[in-house]
Amino acid sequence: MTKKFTPILLGSDINVYGMARSFNEAYGIKVKALADVQLAATRYSSIVDVELHHGFSSDPTFMDVMHKKMEEYKNHEEPVILIACGDGYAELLAKHKEELSKVFIVPYIDYDLLEVLISKEGFYKTAEEYGLPYPKTKIITMDDYKSEKYLDVPFDFPVELKPEDPVSWLKCQFEGRKKTFAIQDKAEFKDIVTKIYTHGYKADLILQDFIPGDDSNMRTLNAYVDKNHQVKMMCLGHPLLEDPTPQSIGNYMAILPEYNEKLYEQVQQFLEKLNYTGMANFDIKYDPRDGEFKFFEINLRQGRSSFYVTLNGYNLAKWYIDDYVEDALKDKETIYGNKLESKYKLWLGVPKKIFNEYAFENEYKDKADELIREGRYGTTVFYDKDKSFKRWLLMKYMFHNYYKRYKTYYEVNKGKIFKEENAKLDKE
């Protein structure tokens, strides 16, 4: 019988709902979440209770609230575990880990390692050191912009451009702003960099060789590393569709389970050499030019689409509890997920109709279509044990909004680029 425990989630988005659902499926419990604002995915839910504190997503409010929670839970009989559901919260937990650990279980890496890995520059340097493949990269600074050194582009167009600092990027607003840019020529490159640096952004930019191929060339990999720094679970996902909305480009909307021994081996070696702790989520893309998988970044927590892991039998919540509450992982072998195709379930973050219309036609989509026909698919937000009419209506509305998003943005931000890239690859 599982020992009693109390999880506290940080955030209120779809990631929080995925974790709350994982806890509910595994243990039948309702969980508490602390957040700055209320978001749709957790509204009207009977499995997660969101407690709002304005300004909670940053210091000093974060620790003001947590000091009160420390007082509230200091004599709590059951262990209380804190789980971040966003980069900002993972950073705050690592930053204050020593103090928070006096009362709570804080299953995160130390702050000095987090500062290295949360930075794209830091991640690429670390990837270089440990032999993890990544796209060819150039760093652009504000000084490079002022001296026009940035105009020396070492890769062929198209190129990928993204901000190094996602926090200050939120404050930088201009027409045409995106989460990441696929830039087709030098004139567009000059225009975008100028807009960025004349609209308040001062941090570095990441310029990268653009890896050709549609959304189905992406991979996402979740790993759980126990308190002894040993990888205990890895689950690979094969995205088939992404969100084309400018502010959400890169968010996965359909994920097929996949097994890849080489990727598992690379990730396990990387995390264990780093003495990593907790959940990690990697974004990866297959490069058809050299047959290599290139690593874009590591998220220091489970991602917004990581419920695909729970859906395929590797419940996200259980790893934390088996590790820190039950102390049951020490002698367990590593689980390399998705060996049996007969167990596969497709994860969807959009209506089936959108998947059918926009996912690139290939063998992977055929597999996904087969799973849909067999009823072997699921979502994060539609949960039979949490379906009040108000919640069902809001989730239907949330899913329905994707029709307009794809109609407005897919061709300009995705479809046109894919067609050009695939035509180029066919010629080669």
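Predicted model: local features only at pLDDT ≥ 70, side-chain atom pairs only at ≥ 80, totals over all residues.
In strand 4, residue A84 is the bridge partner of L10. Strand 1, which covers residues 6-10, runs parallel to strand 4 and is joined to it by five bridges. The sheet to which these strands belong is open and has four strands, arranged in the order 3-2-1-4 with parallel pairing. Strand 3 (48-52) and strand 4 (80-84) lie at the edges, each of them pairing on one side only, and from one strand to the next the twist averages 25°. As a general point, the strands of a sheet pair through backbone hydrogen bonds, and the pairing may be either parallel or antiparallel.

Helices pack on this sheet. Helix 2, formed by residues 61-73, touches strand 1, strand 2 (31-35), strand 3 and strand 4, and its direction makes about 150° with that of strand 2. Helix 3, formed by residues 87-95, also packs on the sheet, where it touches strand 1, strand 2 and strand 4, and its direction makes about 135° with that of strand 4.

The domain assignment of the protein divides it into domain 1 (4-115), domain 2 (135-207) and domain 3 (213-424). The centres of domain 2 and domain 3, taken over C-alpha atoms, are separated by 28 Å, and the contact between these two domains takes ten residues from domain 2 and 13 residues from domain 3. Between them, domain 2 and domain 3 bury about 850 Å², of which 54% is on carbon and sulfur atoms. On the side of domain 2, the residues P135, K178 and K179 supply 53% of the area buried against domain 3, which is more than any other three residues supply.

The nonpolar interior was examined next. In soluble globular proteins, nonpolar side chains tend to be buried together. The largest nonpolar core of the model holds 68 residues, and the members that touch the most others are L9, F23, F62 and L100. Helix 1 (residues 14-27) gives the most to this core, with seven residues, while domain 1 and domain 3 each provide at least three residues. When residues up to four places away in sequence are not counted, F23 touches F5, P7, L9, G28, I29, V31, I83, A317 and I321.

Strand 9, which spans residues 218-225, is mostly covered, with eight of its eight residues buried. In a regular strand the side chains alternate between the two faces of the sheet.

Strand 9 pairs with strand 12 (residues 278-287) in the antiparallel sense over eight bridges, and V225 stands opposite G278 of strand 12.

Definitions and conventions. Residues numbered from 1 in each chain as written. Heavy atoms only, no water. Core = buried A, V, L, I, M, F, W, Y, C linked by side-chain atoms within 4.5 Å. Buried < 20%, exposed > 50% of the residue type's maximum accessible area, 1.4 Å probe, protein only. Helix = DSSP H or I, 4+ residues; strand = E, 2+ residues; numbered from the N terminus. Domains from an automatic or database assignment. Contact = heavy atoms within 4.5 Å. Pairing = 2+ DSSP bridges. Axes fitted to C-alpha atoms, helices over the stretch in contact; angles between N-to-C directions. Buried area = accessible area lost by both parts, 1.4 Å probe.
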